[in-house]
Amino acid sequence: MAPAVGRQVTSVVDLLGSAVVTRASLWLSRRRLRVIAYHGVGDGRAFGQQLEFLSDRFNVVTGADVLAAQESGQSLPERALWLTFDDGRLSVVETGLAQLERVGLPATIFVCPGLLPDDAKYWWSIVESALADGPVRFDGRFWQDQALITKLKTVGDDERRRFVAELATQLNLSHSHDPDPPVGRRDLQRWIDSGREVGNHTWDHPCMNRCESDEQQRQILASHEALRKLLHAPPLLFAYPNGDYTPESREVLAQAGYGLALAFDHRLSRSSDDPLNLSRLRLDSDASLKRTAAIVSGSHSAVLGLRTRLR
């Protein structure tokens with residue numbers, strides 16, 4: 001059964017990423033902005049090939065370009081595309097930056113200042129380390145895989161923090177392995193020195209829709225102040241962790257002067273979109289060129305959207 005499902009998925013991607021389908025999709029959506037949401041960069045060669053593909057077919061813009069167009073009411077060039085990276089992962093600088101420089105493309109990394117110290121760990125990495133030692137008990141049952149992380153995204157922020165803190169005390173975190181840890185200050189400075197943008201991704205990456213209003217405010221403003229000092233200018237770009245938009249967060253961002261805030265909803269952006277809840281397309285840095293074409297052309301998100309409406 002599994003191989004058949006795999007072949008079916010591959011055939012769908014092949015169809016959506018075919019020249020005929022992507023050409024038509026690109027023409028229909030040529031005036032819409034494509035904001036690409038990456039996380040880490042595992043395979044530098046594959047990522048470089050992907051960047052070459054995108055550079056040949058799209059007008060790659062910066063967050064500042066998008067913000068200027070929003071504020072002036074002017075249009076971005078057709079087939080405008082903005083490259084963004086969430087979570088502030090080290091691999092984006094160690095592996096991805098060289099490829100971005102080689103191809104000559106701008107990009108924006110969204111970081112959590114609370115995770116910049118060298119010994120900092122993502123909360124989900126602590127959970128993964130605990131799972132590697134065996135089943136973990138939570139909410140009256142034992143968990144053995146990533147489903148526990150998904151579950152923890154649905155509980156209150158205080159409950160999640162207490163549980164992860166308990167796990168951390170039980171682990172020897174100095175010996176736990178994170179294949180793609182948060183970027184440190186020195187490597188982040190390399191990114192800044194390259195002239196590429198840095199945006200706010202909250203203080204330490206909670207699920208904002210599981211936080212009380214005062215914690216949402218603290219997460220945004222503490223990170224804002226830390227980045228203001230680091231960048232010598234106030235950050236104007238924000239990405240909601242996990243795509244968890246809330247009206248309370250939006251209000252804090254508006255009052256703090258943010259011009260753009262990004263979702264994680266796998267859709268092309270429209271000029272009529274709320275700039276503080278701007279759509280993005282999810283893409284892995286090592287995706288095949290066929291899958292990349294399907295996603296960036298808009299055909300992939302269009303089919304997913306149609307399936308969701310039919311359901």
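The model is predicted, so local features need pLDDT of at least 70 and side-chain atom pairs count only at pLDDT 80 or more, while totals for chains, interfaces and linings use all residues. Residues are numbered from 1 along each chain as its sequence is written, and side-chain values use heavy atoms, with hydrogens and water left out.

**Nonpolar cores**

- The largest nonpolar core has 36 residues, and those with the most contacts inside it are Leu-83, Phe-85, Leu-100, Leu-188 and Trp-191; such a core is a set of buried Ala, Val, Leu, Ile, Met, Phe, Trp, Tyr and Cys residues joined through side-chain atoms within 4.5 Å.
- Two or more residues of this core come from each of β1 (34-38), α3 (44-57), β3 (80-85), α5 (90-103), β4 (108-111), α9 (185-193) and α12 (289-297), where helices (H or I, at least four residues) and strands (E, at least two) are DSSP runs numbered from the N terminus.
- Helix α5 gives the largest share of this core, six residues.
- Apart from this core lies another, of 22 residues, which includes Cys-112, Trp-123, Phe-138 and Leu-152.
- Leaving out residues up to four places away in sequence, Leu-100 touches Phe-47, Leu-51, Leu-83, Phe-85, Leu-105, Pro-106, Ala-107, Trp-191 and Arg-196, contact meaning heavy atoms within 4.5 Å.

**Helix α3**

- Helix α3 has 14 residues and reaches 20 Å from its first C-alpha to its last, close to the 20 Å expected at 1.5 Å a residue, the expected span being 1.5 Å times one less than the number of residues.
- Asp-43 caps the N-terminal end of α3, with a side-chain oxygen 3.0 Å from the backbone nitrogen of Arg-45.
- Gly-44, Ala-46, Phe-47, Gly-48, Gln-50, Leu-51, Phe-53 and Leu-54 are buried in α3, and what covers the buried residues of this helix includes β1, β3, α5 and α12.
- Ala-46 has a relative accessible area of 16% and is therefore buried, given that buried means under 20% relative accessible area, exposed over 50% and partly exposed in between (1.4 Å probe, protein chains only).
- Beyond its neighbours within four places in sequence, Ala-46 is in contact with Ser-285 and Asp-286, and its C-alpha atom is separated by 7.9 Å from that of Ser-288, 242 residues apart along the chain.

**Salt bridges**

- The count comes to 15 salt bridges, each being a side-chain nitrogen of Lys or Arg within 4 Å of a carboxyl oxygen of Asp or Glu.
- Arg-31 forms a salt bridge with Glu-78, the closest N and O atoms being 4.0 Å apart. Arg-31 lies in the loop between α2 (19-28) and β1 and Glu-78 in the loop between α4 (63-72) and β3, so the pair ties together parts that are 47 residues apart in sequence.
- Within that pair, Arg-31 is exposed at 63% relative accessible area, whereas Glu-78 is partly exposed at 39%.
- Arg-161 and Asp-204 meet through their side chains in a salt bridge of 2.9 Å, N to O, which links helix α8 (residues 157-170) with the loop between β7 (197-200) and α10 (213-231), the two residues being 43 residues apart.
- Arg-161 is partly exposed, with a relative accessible area of 27%, while Asp-204 is buried, with 19%.
- Arg-190 and Asp-187 form a salt bridge of 3.2 Å, N to O; they are three residues apart in helix α9, which means that about one helical turn separates them.
- Salt bridges that share partners join Asp-157, Arg-160, Arg-161, Asp-204, Glu-215 and Arg-218 into one network.

Technical notes. A polar contact is a pair of N or O atoms within 3.5 Å; within protein, one must be able to donate a hydrogen and the other to accept it, and residues adjacent in sequence count only if both atoms are side-chain atoms.
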